[in-house]
Amino acid sequence: MLESPSIPAPNDLEAHWIPFTPNRHFKRHPRLIARAEGVWYYTPEGRPVLDATSGLWCCNIGHRHPKVVEAIQRQAAELDYAPPFQFGHPKSFALAARLRDLFPGDLDYVFFTNSGSESVDTALKIALAYQRAIGQGTRTRLIGRERAYHGVGFGGLSVGGMVNNRKWFGPLLPGVDHLPHTLDLERNAFSRGQPQFGAELADALERIVQLHDPSTIAAVIVEPVAGSIGVYPPPVGYLERLRAITEKYGILLIFDEVITGFGRLGAANACEYFGIVPDMVTLAKGLTAATVPMGAVMVRRPIYEAIVEKNPAPEKVIELFHGYTYSAHPLACAAALAVLEVYRDEDLFRRAAQLAPYFEERLHALADHPHVVDIRNLGLMGAIELAPRPGRASERAYDAMCAAFERGLMIRVTGDTIALSPPLIATREHLDRIFDILAKVLAELP
Ligand SMILES: Cc1ncc(COP(=O)(O)O)c(C=O)c1O
């Protein structure tokens, strides 16, 4: 067993401004994690906490997998860094080829980033550059969706639709419009898997197209299953309609698969799960199972060809003026290659698919608990929506998270929704423990 790092004294917590966290409460009641293994986290005192969220929807293979640890250690000892502009290192090319094999159709090209937010901004920029490259430079509008989460860059915030994330930060990007969100508690509450009603919500894109004219619209971006807002699986037929309308008007369709990529739905990605080929796919999280930060954008061949192969500038001129110092970082590439091997060798996507029905059964068994107003799921993504306390939105779920942690369970909350996304290596016994603890927490929750 590794030795735990020492517990910081209370005033040691002060300097770190913690993201997306109520700092004042956290610093008085910290929830610290010092070690991890498999599906377990351990507090600095050594108390085990079952990880029901794969960290932050990302540690899909569980924690500290020996093959991945070894690959990262070996890479650190061999090549720490190579500039990704004008130079390269072999592993990024090997990784790109592996990723290409995991995606359907001609999603054949990979642009590396370091996070989901960067992947989203990269995809939006590639969309604009593509439209310009094919002589459609008037297509500058970007369309997102209400309640969407596409990270925290200005591009992702602009197409995103979570009000608290947007309202502090001014007008954001101009020329952005939003589709309606797909949650319909009146018709679809307590649906198992994809809800039956709501495919017609995709037709709002037709209205947006008529309002602005197709010649002004570059791309539409959606999460195939909205994750961070609290798991909204798409209504049956919805994504298919979006694909048909975008194709009809020459609008690029971007799937933000930062959460759904790499097994979360019991398939390699949502493209495969839903049988749809979008024009670009944004990735992060499960790509390295969060062992080293990394993101990527999968790009269809005609987009790459338009911007790169058919570029009218001389060959020694850069085709796309975009990239990050840490794009395709050697440590991240080594980690991702090892993680992809773990997915394959342990057949984790199929394992997730096999576990999903039991996950659904145990999740929906919580329907009769007090305060529960909806339960949603797809693959190994689940959400329990609670009624808010009058005048104190999001407090009830927050209290549930704190109570669960005390009982040895890590859950995630967003607003008044509890979100679950266990590692793909979880067993039925782990799920039993997750839902037994949750049932107790819900029963006692004021
Ligand atoms: C769909 C989606 N896009 C983008 C992001 C942003 O990713 P990151 O936090 O790595 O920037 C997230 C993060 O949860 C996400 O769920």
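## Around the ligand

Helix α5 (residues 116-133) supplies three residues to the shell around the ligand, the largest share. Helices here are DSSP runs of H or I with at least four residues, strands are E runs of at least two, and both are numbered from the N terminus. Keep in mind that this is a predicted model: local features need pLDDT of at least 70, side-chain atom pairs count only at pLDDT 80 or more, and totals for chains, interfaces and linings use all residues. Residue numbers start from 1 along each chain as its sequence is written.

There are 14 residues around the ligand, and S115, G116, S117, G151 and V258 come nearest. "Near" is a C-beta criterion: the atom, placed from the backbone, lies within 6 Å of the molecule or strand. By type, the shell splits into five nonpolar, seven polar and two charged residues. For that count, Ala, Val, Leu, Ile, Met, Phe, Trp, Tyr, Cys and Pro are nonpolar, Asp, Glu, Lys and Arg are charged, and the others, Gly among them, are polar.

## Two helix pairs

Helix α5 also packs against helix α12 (residues 301-309): their axes come within 9 Å and cross at roughly 65°. Axes are lines fitted to C-alpha atoms, for helices over the stretch in contact, with angles from 0 to 180 degrees between N-to-C directions. So α5 and α12 count as roughly perpendicular, a label covering 65 to 115 degrees; under 35 is roughly parallel, over 145 roughly antiparallel, and the rest oblique. The crossing is left-handed, meaning the near helix is turned anticlockwise from the far one by less than a right angle (clockwise would be right-handed). On the α5 side, I126, A129, Y130 and A133 meet I303, A306 and I307 of α12. That contact is made up of seven nonpolar residues, no polar and no charged. Contact means C-beta atoms, placed from the backbone, within 7 Å.

The other pair is helix α3 (residues 66-78) with helix α13 (residues 330-345), at an angle of about 155° and with axes 9 Å apart. That angle makes α3 roughly antiparallel to α13. Their crossing is right-handed. Residues in the contact include K67 and Q75 from α3 and E341 from α13. Its residues divide into twelve nonpolar, one polar and two charged.

Two strands pair if DSSP finds at least two bridges between them.

V222 sits opposite F255 of β8.

## The four-stranded sheet

A four-stranded open sheet runs β11-β12-β15-β14, with antiparallel pairing. Strands β11 (372-378) and β14 (412-414) each have a single partner strand, so one side of each lacks a neighbour in the sheet. The twist here averages 20° from one strand to the next.

Strand β12 (residues 381-386) pairs with strand β15 (residues 417-420) over four bridges, in the antiparallel sense. G382 stands opposite L420 in β15. Helix α14 (residues 348-364) packs on this sheet, touching β11 and β12, and its direction makes about 180° with that of β11. Helix α15 (residues 395-406) lies across β12, β14 and β15, at about 170° to β14.

Terms used:
Two residues are in contact if their C-beta atoms, placed from the backbone, lie within 7 Å.
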